Amino acid sequence: MLKIQIPETWASEREYIVSVLFEEFLGLEISVTKGKIDHTLCQCEGSNCTLKIKDDFFSMKPSEWQTEKTLANPPFSKFNVKKWPFLCTSSELPVLFGLPDIDIHEENLCIHVDIFGACFYMLSRYEESVLHERDPHGRFSSKTARTPYDRPLVNEYTELLWSCLSFLWPFLSRKQKTFRLMPSHDVDFLLRYPHWTSIGYELAKDMIRQKWGLAFHLAFKGIQSRLGDIEKDPYNTFDWLMSESEKKNLVSTFYFITHKPAGKKDCSYEFKSPFIRKLLKNIHERGHLIGLHGSYLSSEKRGLLSQEFSLLKQVCEEEKINQVSFENRQHFLKVTPETWLELNELNLSHDSSLGFAECAGFRSGTCYEYPIYDLVNQKKLTLKQRPLVVMDCSLQEKKYMNLSPEKALTHIQSLKKTCALFKGDFTLLWHNHRLMNPEYQQLYLKAIDHP
Ligand SMILES: [Zn+2]
């Protein structure tokens, strides 16, 4: 049992982050007390050694909470990993708060890197609550972010903490995590050819954007689909996605929009339709998961998520689908702290919206799921965040990363390896309607290969 003493200030925030790092991530048993100290102190039963973790971020005054003054400011000093080795993606670790030093005095170790401050800052998305700039969809953008998101900093900080703990107390053992590949699919479109007229309309667009061979091939599929062979519709990839997941022993999660307050901006289907009902039953019977896809306006208007989730549960009940818990991902990844509060009240288990639309990576600095911290009411929620690492359109779209399939694959493999290194979750979002091009099908299959 580790005894941890924290300063009396910012107690709720400190208790939260200590619990996430020690209990959730490392799986260590701890007892936490508060004291009149200016650092965090760790001790272990039956040992005289001590570990001090210096304070920086939480040395702020209450009046400074959520002000610009408290933000991490690049360029950051760097901790030299060669001098004190631990599992890290680079030879240098950016120090958001504190100093890049570590001291050893006989049986006592003192880290000047503010591990708890930095991890709290990243996981709670503190900077997003202070920097109010948003993109045209109301999303926080990676261009506004001040902290690195190309690496899982929180995982690296956790490894630094673990290296200190195991140096002082080599008999400690941490929880063994396992790498998980987690494919998911936001269902924004159901069919590409819902009407005969859509064949001509899509063909005209395809002749501009695609190779002509593919354009006519797709139009032919449209005709087959309209004549009754709906399996041929290029967006109807649900069975294919499930089969490919099953071949690799993976479970796919399909997120559905149940209500359309923003009309076409939300989705092109009616959730209560016979097609969806059959699809939901199929997903459930094959052991995959159904989730809620919070509508475009649901992050702005309170009450919408409640209606949307009720509809999801109602249809599942009518179809005798007994799924124990449900997860959510916001359409367009439009998520706010209020969204999390509402999802928490509705008892959804996870939200998986924390990724940047314009680029892949680690928006909250981790590839582990974690309980969300409510910065408004200053408390830990039951709702967990399952950070989104890669979204198909972030890689492909011209306005985003604009990568060729080869470059997109290299990027996917690199992020997947990083998640595997920390035995974390590689969460991948691939839309069912983004598999028309055989090149993208191949890319998806490689993306769900084990690293
Ligand atoms: Zn969507």
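Biologist: Which residues are exposed on the other side of H7?
Modeller: Asp239, Ser243 and Lys247 are exposed there. The model is a predicted one, in which local features need pLDDT of at least 70 and side-chain atom pairs count only at pLDDT 80 or more, while totals for chains, interfaces and linings use all residues. Residues are numbered from 1 along each chain as its sequence is written.

Biologist: And which residues of H7 are buried?
Modeller: In helix H7, residues 238-247, the buried ones are Phe238, Leu241, Met242 and Ser245. Helices (H or I, at least four residues) and strands (E, at least two) are DSSP runs, numbered from the N terminus.

Biologist: Why do they line one face of the helix?
Modeller: Seen down the axis of H7, the buried residues fall within an arc of 95 degrees, so they line one face. The arc is that of the directions from the helix axis to the C-beta atoms. An α-helix has 3.6 residues a turn, so residues three or four places apart point the same way.

Biologist: What covers them?
Modeller: The cover includes strand S9 (180-187) and helix H8 (274-285).

Biologist: Now H10: which of its residues are buried?
Modeller: In helix H10 (residues 337-345), they are Thr339, Trp340, Glu342 and Leu343. Their arc, viewed down the axis of H10, is within 165 degrees, so these residues also line one face of the helix. Among the elements they pack against are strand S11 (289-294), helix H9 (304-318) and strand S12 (327-330). Just after H10, asparagine 347 takes a positive phi of about 65 degrees.

Biologist: Where else is there a positive phi in a residue other than glycine?
Modeller: Lysine 320 has a phi near 55 degrees. Lysine 320 sits in the loop between H9 and S12, and counts as exposed because it has 8 C-beta neighbours inside 10 Å. Arginine 125, also not a glycine, has a positive phi of about 55 degrees. Arginine 125 lies in the loop between H2 and helix H3 (126-130).

Biologist: Is arginine 125 buried or exposed?
Modeller: Arginine 125 counts as buried, because 23 C-beta neighbours lie inside 10 Å. As background, most residues other than glycine have a negative phi, and most peptide bonds are trans.

Biologist: Which peptide bond is cis?
Modeller: The bond from proline 74 to proline 75 is cis, with omega near 0 degrees. Proline 75 is in the loop between strand S4 (50-54) and strand S5 (77-80).

Biologist: Changing topic, at what angle do H1 and H2 pack?
Modeller: Helix H1 (residues 11-25) and helix H2 (residues 115-123) pack at about 90 degrees, with their axes 10 Å apart. Axes are lines fitted to C-alpha atoms, for helices over the stretch in contact, and angles run from 0 to 180 degrees between N-to-C directions. H1 and H2 are therefore roughly perpendicular to each other, a term for angles of 65 to 115 degrees.

Biologist: Which residues make the contact?
Modeller: They include Ile17 and Leu21 of H1 and Phe116 and Phe120 of H2. Two residues are in contact if their C-beta atoms, placed from the backbone, lie within 7 Å.

How values were computed:
A residue is buried if 20 or more other C-beta atoms lie within 10 Å of its own, exposed if 12 or fewer, and partly exposed in between; C-beta atoms are placed from the backbone. Angles under 35 degrees count as roughly parallel, over 145 as roughly antiparallel, 65 to 115 as roughly perpendicular and the rest as oblique.
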